Each structure stands twice: as C-alpha cells, then as structure tokens.
Amino acid sequence: MDFYNQRWTLCFAQNNATTWAITIGWCTFYSTPKKQVTVMWQKHEDCHKRQWKKYWYIGFLVAYTYEHLKHGYENNKFEIEADKAMYE
C-alpha cells in the first residue's frame, strides 16, 4: 500500500533532500504526488517492503537502526541492497 503527498516524511530526509519516502512494513509513504514517483524509486521502496517481511518488524527496526548508527545512511547494508534493486 502506497501513500503520496506525505510531506511529513521530509523530517527524516538525508542530505537536505527535497523528496523522500519511508517504508514501514507493507506501507510506503512518499513525500511527492504519485506521478513523480519513478519506477526505480518504487523498486527501491519495494525492496524495503521485502526486508521488513524477511526480518519482521522488531528485527528490521533493530538491524536497520544498528546499520544506520554504525555505518551511516549511505553505507547502510539495507540501503545498498535497495539501491541495487532499482536496477533489477
């Protein structure tokens, strides 16, 4: 399930991004209208949905947070996997 025009997601944006999305479980919240969401962006967020399913809620939250604190956003293994999924 996807939700669009969710400007609150920008509170979590990295590097002063003007567009952002957050996936929580099977729901993705995009900061933009649907027409601005590219196929690649959607593939990235769909990968996060699969990660949530694989690790379950608490497991994913703990693992993602650990990766983020230890390696930062850019080097977070979950973000790297989602970036690769954009090209599949």
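Tyr64 is buried, at 19% relative accessible area; buried means under 20%, exposed over 50%, and partly exposed in between (1.4 Å probe, protein chains only). The model is predicted: local features need pLDDT of at least 70, side-chain atom pairs count only at pLDDT 80 or more, and totals for chains, interfaces and linings use all residues. Residues are numbered from 1 along each chain as its sequence is written, and side-chain values use heavy atoms, with hydrogens and water left out.

Start with the whole chain. Its secondary structure comes to 3 helices and 3 strands. Both kinds of element are DSSP runs, numbered from the N terminus: helices are H or I with at least four residues, strands E with at least two. From the N terminus on, the order is β-β-β-α-α-α. The C-alpha atoms fill a box of roughly 30 × 25 × 25 Å along the principal axes. The radius of gyration is 12 Å, which agrees with the value near 12 Å for a compact globule of 88 residues. That radius is taken over C-alpha atoms, and the globule rule is 2.2 Å times the number of residues to the power 0.38. Buried residues account for 34% of the 88. Take the contacts (heavy atoms within 4.5 Å) between residues at least 6 apart in sequence: 48% of them join residues at least 24 apart.

Now return to Tyr64. This residue sits in helix 2, which spans residues 57-71. Leaving out residues up to four places away in sequence, Tyr64 touches Tyr73, Asn76, Phe78 and Glu79. Gln51 is 13 residues from Tyr64 in sequence, and their C-alpha atoms are 9.7 Å apart.

Strand 2 (21-24), helix 1 (39-55), helix 2 and helix 3 (77-85) each give two or more residues to the lining. The lining divides into 13 nonpolar, 7 polar and 3 charged residues. Here Ala, Val, Leu, Ile, Met, Phe, Trp, Tyr, Cys and Pro count as nonpolar, Asp, Glu, Lys and Arg as charged, and the others, Gly among them, as polar. The pocket holds about 610 Å³ of space.

The pocket terms are grid terms. On a 1 Å grid over the protein atoms alone, a pocket is an open set of points with protein on both sides within 12 Å along at least five of seven lines; lining residues have an atom within 4 Å of a point. Points are joined across faces, edges and corners, and volume is the space filled by probe spheres set on them.

Side chains of opposite charge can pair when their charged atoms come close. The structure holds 2 salt bridges, each a side-chain nitrogen of Lys or Arg within 4 Å of a carboxyl oxygen of Asp or Glu. Lys49 pairs with Asp2, with the closest N and O atoms 2.8 Å apart. This pair links distant parts of the chain: Lys49 is in helix 1, Asp2 in strand 1 (residues 2-3), 47 residues away. Lys49 also bridges to Asp46, at 3.8 Å between the closest N and O atoms. Asp46 and Lys49 both lie in helix 1, 3 residues apart, about one turn. Lys49 is buried at 18% relative accessibility. Asp2 is partly exposed at 22%, and Asp46 is partly exposed at 27%. Asp2, Asp46 and Lys49 form a network of salt bridges.

Terms used: 1 Å grid on protein atoms, 1.4 Å probe; cavity = no way out; pocket = protein on both sides within 12 Å on 5 of 7 lines; lining within 4 Å.
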